[in-house]
Amino acid sequence: MEQHKMVIKQAELFVREQLGSDRSGHDWWHIDRVRKMALELAGLEGADPFVCELAALLHDVADEKLNESKEAGLEKVDSWLSMHLSGNPYEPVISHIRSIISTMSYNGGSNPPMTTLEGKVVQDADRLDAIGAIGIARAFAYGGSKGRSMHEPGKDFTGISYRSEENTTVHHFYEKLLKLKDLMNTEHARRLAQKRHQVMEQFLEQFYKEWEAVDGRNA
Ligand code: ADP
Ligand code: NI
């Protein structure tokens with residue numbers, strides 16, 4: 001539908017402007033990858049592509065790290081949606097997208113499961129972008145942006161609380177990234193996640209070998 005295409009174009013512009021030059025993992029290309037993956041999964045799962053694409057595009061605008069509060073962020077998304085999707089038939093679309101965005105984040109694993117197929121698809125797409133080669137790159141980019149060290153031998157598993165500033169980036173693999181493959185909602189995402197998970201395991205194995213300078217042995 002022509003109107004849908006226009007709304008998507010406007011959402012792209014809005015998101016680019018909102019995320020601007022963010023370097024903590026929420027840049028435009030993250031959004032673009034999540035949108036593409038959400039559309040791919042939507043096609044395979046029979047989810048509504050418009051809801052998935054729009055929710056994927058807007059999902060990080062409300063992130064609490066980029067706003068004064070989560071509520072303020074959601075408010076921003078709400079007012080954008082009601083301005084660009086006006087009229088009765090769109091009310092359910094607006095509330096659906098709002099509910100996806102407000103509940104999809106990882107939150108230390110404590111959010112309830114997604115209830116709609118579109119929510120499951122968008123959450124899987126976002127989580128797939130946190131693992132694999134891209135996930136590794138994003139984790140170190142994020143850690144660097146927060147001034148964290150990559151790795152402190154002996155301090156990576158000390159059970160420091162989620163998102164504590166003292167954590168290393170390698171710790172983040174254990175507190176979140178390596179858990180994501182078992183949290184996928186859809187079949188296709190589960191398959192992709194397995195492959196991306198292996199990439200992270202191989203990466204960590206090689207990382208520790210190089211750290212100890214034992215990577216030349218038995219090579
Ligand atoms: P998302 O966009 O998936 O909701 P987050 O806002 O949680 O992701 O984080 C953005 C990116 O930064 C993700 O790739 C995530 O894994 C990474 N990240 C978040 N917290 C940390 C951390 N403590 N250390 C390293 N990387 C992190
Ligand atoms: Ni995201």
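L85 touches V7, F50, L54, Y90, V93 and I94, leaving out residues up to four places away in sequence; contact here means heavy atoms within 4.5 Å. The model is predicted, so local features need pLDDT of at least 70 and side-chain atom pairs count only at pLDDT 80 or more, while totals for chains, interfaces and linings use all residues. Residues are numbered from 1 along each chain as its sequence is written, and side-chain values use heavy atoms, without hydrogens and water.

L85 is among the residues with the most contacts inside the largest nonpolar core, together with V15, L54, L58, L81 and F173. This core has 58 residues. A nonpolar core is a set of buried Ala, Val, Leu, Ile, Met, Phe, Trp, Tyr and Cys residues joined through side-chain atoms within 4.5 Å. Its largest share, eight residues, comes from helix α3 (residues 49–58). Helices are DSSP runs (H or I, at least four residues), numbered from the N terminus.

Nine of the ten residues of α3 are buried, so the helix is largely enclosed by the rest of the structure. Buried means under 20% relative accessible area, exposed over 50%, and partly exposed in between, with a 1.4 Å probe and protein chains only. The buried residues of α3 are F50, V51, C52, E53, L54, A55, A56, L57 and L58. They pack against α1 (2–19), α2 (28–45), α4 (70–84), α5 and α6.

**Helices α5 and α6**

The axes of α5 (residues 91–103) and α6 (residues 117–128) come within 10 Å and cross at roughly 40 degrees. That makes α5 oblique to α6, a class for angles that are not under 35 degrees (roughly parallel), over 145 (roughly antiparallel) or 65 to 115 (roughly perpendicular). Axes are lines fitted to C-alpha atoms over the stretch in contact, with angles from 0 to 180 degrees between N-to-C directions. In this contact, H96, I100 and T103 in α5 meet E118, G119, V122 and Q123 in α6.

Q123 lies in α6. Apart from neighbours within four places in sequence, Q123 is in contact with T103, M104, M114 and N185.

**Two residues compared by accessibility**

| Residue | Relative accessible area | Class |
|---|---|---|
| Q123 | 4% | buried |
| A213 | 58% | exposed |

A213 is placed in the segment after α9 (187–212). Phi of A213 is near 55 degrees, a positive value in a residue other than glycine. Most residues other than glycine have a negative phi.

Conventions
Chains lettered and ligands numbered in written order. Helix = DSSP H or I, 4+ residues; strand = E, 2+ residues; numbered from the N terminus.
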